[in-house]
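Here is a short briefing for a first look at this structure. Start with the display, then read the points below.

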Amino acid sequence: MKEKVFLNQFTVAEQQVFELALDGYSGREMQVILSKEETTIKAQRQNIIRKLGVSSMKEAVEKFQHLKYESPRKLIQP
């Protein structure tokens, strides 16, 4: 499972941001929920995009949702 190994390379902060993205939260909502600055959320989102080899968070979420796993959360738990 190449994707599982790859997703485990996310930092805990990136995992939190990606989980919120999977749940449909916006960058601004992530800032409030995680009590982080806008620049921090943007950097974490950019890291996720780069690590998944996509061009946007929307594409990252779509790519992840197309994987054939019962629960994507199981792949991104620390």
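Is Q44 buried or exposed? At 10% relative accessibility, Q44 counts as buried (buried means under 20% relative accessible area, exposed over 50%, partly exposed in between, with a 1.4 Å probe and protein chains only). This is a predicted model, in which local features need pLDDT of at least 70 and side-chain atom pairs count only at pLDDT 80 or more, while totals for chains, interfaces and linings use all residues. Residues are numbered from 1 along each chain as its sequence is written, and side-chain values use heavy atoms, with hydrogens and water left out.

**Q44 and its surroundings**
- Q44 sits in helix 4 (helices are DSSP runs of H or I with at least four residues, numbered from the N terminus).
- Leaving aside residues up to four places away in sequence, Q44 touches A13, E14, V17 and K36 (contact means heavy atoms within 4.5 Å).

**Helix 2 against helix 4**
- Helix 2 (residues 12-22) packs on helix 4 (residues 38-52) at an angle of about 90°, and their axes are 9 Å apart.
- Axes are lines fitted to C-alpha atoms, for helices over the stretch in contact, and angles run from 0 to 180 degrees between N-to-C directions.
- Helix 2 and helix 4 are therefore roughly perpendicular (65 to 115 degrees; under 35 is roughly parallel, over 145 roughly antiparallel and the rest oblique).
- Helix 2 brings A13, E14, V17 and F18 to the contact, while helix 4 brings I41, Q44, R45, N47, I48, K51 and L52.
- Six residues of this contact are nonpolar, two are polar and three are charged.
- Here Ala, Val, Leu, Ile, Met, Phe, Trp, Tyr, Cys and Pro count as nonpolar, Asp, Glu, Lys and Arg as charged, and the others, Gly among them, as polar.

**Aromatic pairs**
- The structure has two aromatic pairs (rings of Phe, Tyr and Trp, the last by its six-membered ring, with centres within 6.5 Å; planes under 30 degrees apart are stacked, over 60 edge-to-face and the rest tilted).
- F10 and F18 pair edge-to-face, 5.7 Å centre to centre with 75° between the planes.
- Both F10 and F18 are buried.
- The ring centres of F18 and F64 are 5.2 Å apart and their planes lie at 85°, so this pair is edge-to-face.
- F18 belongs to helix 2 and F64 to helix 5 (residues 57-65), so the pair ties together parts 46 residues apart in sequence.
- F18 has a relative accessible area of 0%, and F64 is buried at 4% relative accessibility.
- Ring pairs link F10, F18 and F64 into a cluster.

**Helix 5**
- M57, A60, V61 and F64 are buried in helix 5.
- They cover an arc of only 95° around the axis, which puts them on the same side of helix 5 (the arc is that of the directions from the helix axis to the C-beta atoms).

Methods
Helix = DSSP H or I, 4+ residues; strand = E, 2+ residues; numbered from the N terminus.
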